[in-house]
Amino acid sequence: MNKHLLLSIALASTCASPIYAQTTEVSAAELAKLKAQISSLQAKLVEIEEQANETTSEVALNTQTLTRQKVTEANPVEVESEDGITIGGAIRSNYNYTSYSEGNKDRGGDFDFDIFRINVRGEIGDVSLNGEIRFFDYMRAIKYAYVGYQFSQNWEVQAGITKVPFGNSPYNSQNYFFSTNYYLGLEDDFDLGVVFKRSVADNWQLDLAFFKNDELGGVDGYVDNRSDRYSYDIVGSRAPGDGIYDEPTQPLGEYNTFSGRLAYHFEQGELSTEVGISALSAGIHDGDRRVGDYQAWALHTNSQYQNWHLQLQHSEYSYDIAQVDRIAVGAYSFYDSIAAEATSSTANLAYDLAVNFGPVTGLQFYNNYGIVYDKSDSSADTVMNVTGVSVAAGGLFTYFDWVHAKNQPFVGGSAAGNSSEYEQRFNINIGYYF
């Protein structure tokens with residue numbers, strides 16, 4: 001810009017100098033016109049200079065931006081995931097029509113509130129947190145509450161009220177009522193301890209666990225009612241004169257339980273199968289001393305072919321307590337009884353169907369069969385068959401179940417019953433999950 005100005009000034013000075021005036025005769029009007037042209041030229045030169053500077057600055061800025069982009073692509077900045085806890089839950093209601101209650105039949109069935117539950121899960125640092133608490137009209141129960149830590153690529157440890165690794169996983173059933181094993185404490189059972197879980201690697205999966213006692217603190221846990229719990233556990237023994245549903249006069253509890261589950265996964269074309277074995281061993285305490293032992297084992301398989309699912313399981317359990325043939329168990333604020341020893345077999349078949357009926361996106365049709373036999377208390381077999389369909393529609397999940405059973409809890413009987421009659425229950429459980 002300075003060079004252009006000097007040139008303009010020099011030109012103007014030359015035109016107006018005495019020497020130029022002496023050699024060239026110029027009128028005053030022509031001189032004024034010439035000066036105006038020079039001024040216009042100076043202004044245009046200044047404008048061109050400013051445009052050139054702006055272009056240079058823009059090029060420099062673009063160069064810096066491109067340079068930053070290349071550095072970022074070559075050395076990307078890692079964005080760490082934020083810690084946080086996610087809260088969810090469910091609200092469920094239940095309709096049932098039964099064969100074993102005249103009042104229920106006369107009313108055309110009953111529609112009741114089932115549960116309100118809250119779930120929490122998330123991570124703080126490298127530690128995960130999982131919990132679920134359930135609120136019923138008649139009780140409050142913690143299903144699970146544990147922390148987890150992934151200490152290697154394939155191994156995780158969980159500590160707290162966590163699931164006992166046993167049998168088909170995650171459930172040995174597809175219906176709302178679970179299988180007959182649930183009422184024996186052998187399906188979806190949660191106790192207080194620590195579990196080491198090995199994910200599927202080289203087709204093998206292994207869970208090893210130690211539980212100090214049940215989720216309510218064992219035989220002398222500080223609770224008002226030892227039957228206020230989600231999963232079934234031993235709470236006492238049955239003397240010959242005790243009623244099936246009485247609160248036990250002799251409290252008992254399991255403790256120092258060791259549990260293991262080993263499974264092998266393989267595929268053959270579109271057939272995917274898991275074959276496994278489970279076992280557990282525990283002590284039984286009466287509050288003062290060890291009075292017996294508890295063992296259980298199971299063989300189980302879980303297969304899927306296209307949309308079909310098949311589950312099979314054979315289980316045996318034994319409470320080895322002197323002169324005791326019947327055990328008191330508790331759950332859902334309700335005492336019941338089971339044989340001290342028995343065998344259980346289950347078979348479940350299900351079919352998944354994707355649909356597009358308005359909000360309905362998925363159906364699962366199933367038939368779940370279970371039988372408990374060879375009981376140490378000489379009671380009759382427990383049999384339950386559930387035929388039904390579950391319906392997924394957005395946040396709604398609904399079970400439609402037809403239950404045909406004898407000596408089955410919540411279907412007009414007890415696992416220690418002696419009835420030869422089958423009872424029926426039509427049940428609809430509607431849940432909104434969030």
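# Strands, sheet and cores

Biologist: What makes strand 16 (residues 341–357) and strand 17 (residues 360–373) a pair?

Modeller: They are joined by 13 bridges and run antiparallel, and since two strands pair if DSSP finds at least two bridges between them, strand 16 and strand 17 meet that criterion. Asp352, for instance, has Gln364 in strand 17 as its bridge partner. The hairpin that these strands make has two residues between them, and there Gly358 takes a positive phi near 60°.

Biologist: What should I know about the model and its numbering before going on?

Modeller: The model is predicted, so local features need pLDDT of at least 70 and side-chain atom pairs count only at pLDDT 80 or more, whereas totals for chains, interfaces and linings use all residues. Residues are numbered from 1 along each chain as its sequence is written, and side-chain values use heavy atoms, with hydrogens and water left out.

Biologist: How do you know that strand 17 also pairs with strand 18 (residues 382–393)?

Modeller: Strand 17 and strand 18 are joined by 11 bridges in an antiparallel arrangement, with Gly362 standing opposite Ala392 in strand 18. The chain has 20 strands and four helices, both being DSSP runs numbered from the N terminus (helices H or I, at least four residues; strands E, at least two).

Biologist: Why do strand 9 (250–251) and strand 15 (334–339) count as edges?

Modeller: Four strands form an open antiparallel sheet in the order 9-8-14-15. Strand 9 and strand 15 each have a single partner strand, so one side of each is left without a neighbour in the sheet. The partner of strand 15 is strand 14 (residues 326–331), which it meets in the antiparallel sense over six bridges, and Val329 stands opposite Asp336 in strand 15.

Biologist: Why is the set that includes Tyr294 and Ile338 called a nonpolar core?

Modeller: The name applies because a nonpolar core is a set of Ala, Val, Leu, Ile, Met, Phe, Trp, Tyr and Cys residues that are buried (under 20% relative accessible area, 1.4 Å probe, protein chains only; exposed is over 50%, partly exposed in between) and joined through side-chain atoms within 4.5 Å. The largest such core holds 52 residues, and Tyr294, Tyr317, Tyr319, Ile321, Ile327 and Ile338 touch the most other members. Beyond its neighbours within four places in sequence, Ile338 is in contact (heavy atoms within 4.5 Å) with residues including Tyr183, Leu184, Arg326, Val329 and Ala415. A second, separate core of six residues includes Val360, Val389, Val391 and Ala393.

Biologist: How many of the 434 residues count as buried?

Modeller: By that cut-off, 44% of the chain does.
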